[in-house]
Amino acid sequence: MSPAVPAPGYGALLERAEACAARRDIDQAIALYGAALVQKPADPYVLVQLSYMHSLRGQYRKALACAMQAHATGTSSPKVLDELLPRLRTFNEIPALLECIKRMLPASRMSIPALIRAAAQLSYVNLPDQAIVLLDEARRADPDYPTTLLARTQVLTYLGRFREAEQDVARALKRAPEIAQGWWLQAALRRQQPTSHHVDAIKAQLQRPGRSAADVALLGFALHKELDDLGDTQGAWQALMLGCRAKRSTLQYETGASYRLMQALAAFTPPPTPATGNAGATPIFIVGMHRSGTTLLEQMMDGSPHVRGIGELYDFTSAMRHATDHHCRGVIDTTIVERAQRADLAAAGQRYLDGIAWRLQGEAFFTDKLPSNFLNIGFIAAALPQARILHLVRDPVETCFSNLRELFSEANPYSYDLQELAAYYRQYRALMAHWHRRFPGRILDVEYARLVREPEAVLRQVCAFCGLDFDPAMLELAGRQRGVVTASAVQVRGGIQARDVPKWAPYAKHLAPLIQALRRPD
């Protein structure tokens, strides 16, 4: 009889597991990480890797459990925490994330890259006031490190500290003009003037050899913004199309896939849910297309002492992923829709409220203004019977043009091509019409044009719908200190702005294909 082969040791198991993970043999990687965990129970590093693997398998609850087990070990390993923070943020386990950051403190002993990465996680979860503390420490350690300065520029923009943001981005670009992100951040901070702009510098950067598609997108959108400010419509359009083509080349998107998703949503029939509602504050969902005025409405609502403006969060998305035990890219996919038919949506609603509670300070209402929650309205209506839903409605061409000229991260992949953008808008419009028919009286359409021209009248209507008393402070936007972590961070600080001529008007001939496509029946 041949001698028994000894079981591989911990190190060998990890090596094999990571090799499997690298080639996307997820099932084998999970088995090997599990074997390593048997040898070293509650190893936080292995638990984090298992969390990643279960996410890739779409197993939301297992992935969440592994991340929370890793957190529960109390690990203070910088290497482990560096990977655990984004895991916790993925699941919107923000109190756990904050506790992990505390373990890394004092900030003075953290490396500059660790400070920047932790600050990014705080910014992602709408805590820019905490993110800037870490970035201040990073700048103190090295006042000229471009990556720190650009990270501070972004967070300072969210906080409305535009002069400081301009100083930081200028300093970063002086040190590292090749970083495309800097030019994009700088262009957004103020309106450019004929005697003070960066057009030639941006054009020069576009000519640098070896530019990636991501770089070209950033520089193209920066150039568009500056030329638009200067009134060069033709040049601005060419720059915008350059940026859009570059960004679109980096994305996977198919109009048919979004159509099938919205068809599945329209066919969804929620299971019976207790009509008594859930325990906790009343959520006010502000939904619609991106760039339709959702940020402005939330900023107004936050002026009430009874309302807490929370910003763009994915907490309801997380609650639905947990309810359906499915991890997906984006807000939702067809698997979640199919599984939701058998899910406990009332439990999902309570999980959502429990996860939000730490952000509140006794307010009876809070706003959740993730625009793409319009996809979740069928689930929201069933999971949160007491929720109010405000739908921002803006002129289709204004909305689409504003999306077209906004460089998003990985969200909104439909917004870089005129035909894809128009098709998505029509799909959105048809789905909203369905929600109104399906849930009469649950959704209030708020017209952006009226909101900016008759703000008090519209806000009184909104308040009556939500069960709130109107407060004149809701109209007083100047001097608001609340961080605004959205693409509208600069515009919303300018207060209520009503345009006599729409922003898209000078580009009408270029937008003709979009305008024609928007006129097609849904």
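This is a predicted model: local features need pLDDT of at least 70, side-chain atom pairs count only at pLDDT 80 or more; totals for chains, interfaces and linings use all residues.
A helix here is a DSSP run of H or I with at least four residues, a strand is a run of E with at least two, and the elements are numbered from the N terminus.

As background, most residues other than glycine have a negative phi, and most peptide bonds are trans. N92 has a relative accessible area of 13%, and because buried means under 20%, N92 counts as buried.

Where is N412, the next asparagine on my list? N412 sits in the loop between α21, residues 396-404, and α22, residues 418-438. For N412 too, phi is positive at about 55°, and again the residue is not a glycine. Its relative accessibility is 8%, so N412 is buried.

While we are on backbone geometry, there is a cis peptide bond to report. The bond joins L105 and P106, with omega at about 5°. P106 belongs to the loop that runs between α6, residues 94-104, and α7, residues 112-124.

Next, the sheet. In what order do the strands of the open sheet stand? Five strands make up this sheet, ordered β2-β3-β1-β4-β5, and the pairing is parallel. The edge positions go to β2, residues 307-309, and β5, residues 443-447; each has a single partner strand, so one side of each has no neighbour in the sheet. On average, neighbouring strands in this sheet are turned by 25° against each other, with direction ignored. In general, strands of a sheet pair through backbone hydrogen bonds, either parallel or antiparallel.

β2 runs parallel to β3, and three bridges join them. A bridge in this pair links G309 to T367 in β3. On to β1: four bridges join β1 to β3, again running parallel. Here P283 has F366 of β3 as its bridge partner. L390 has its bridge partner in β5, namely L444.

Which way do the residues of β3 point? F365 and T367 point one way from the strand, F366 and D368 point the other way, and all of them are buried.

Helix α16, residues 294-301, lies across β1 (282-287), β2, β3 (365-368), β4 and β5, and runs at about 150° to β1.

F439 is in the loop between α22 and β5. With 10% relative accessibility, F439 counts as buried. What does F439 touch, leaving out residues up to four places away in sequence? The contacts are I377, G378 and A381. Between F439 and G378 the C-alpha separation is 8.3 Å, although the two are 61 residues apart along the chain.

Now a helix pair, α2 and α3. Helix α2, residues 26-39, packs against helix α3, residues 44-56, at an angle of about 155°, and the axes are 10 Å apart. That angle makes the two helices roughly antiparallel. The crossing of α2 past α3 is left-handed. On the α2 side, the residues that meet α3 include I26, A29, I30 and Y33, and among their counterparts in α3 are V46, L47, Q49 and L50.

Last, the cysteines. How many disulfides are there? The count comes to zero. C20 is in no disulfide, since its nearest cysteine sulfur, the one in C66, is 17 Å away. C20 is buried, at 4% relative accessibility. For C466, the closest cysteine sulfur is that of C463, at 6.8 Å.

Terms used. Residues are numbered from 1 along each chain as its sequence is written. Side-chain values use heavy atoms; hydrogens and water are left out. Two strands pair if DSSP finds at least two bridges between them. Axes are lines fitted to C-alpha atoms, for helices over the stretch in contact, and angles run from 0 to 180 degrees between N-to-C directions. Contact means heavy atoms within 4.5 Å. A disulfide is a pair of cysteine sulfur atoms within 2.5 Å. Buried means under 20% relative accessible area, exposed over 50%, partly exposed in between (1.4 Å probe, protein chains only). Angles under 35 degrees count as roughly parallel, over 145 as roughly antiparallel, 65 to 115 as roughly perpendicular and the rest as oblique. A crossing is left-handed if the near helix is turned anticlockwise from the far one by less than a right angle, and right-handed if clockwise.
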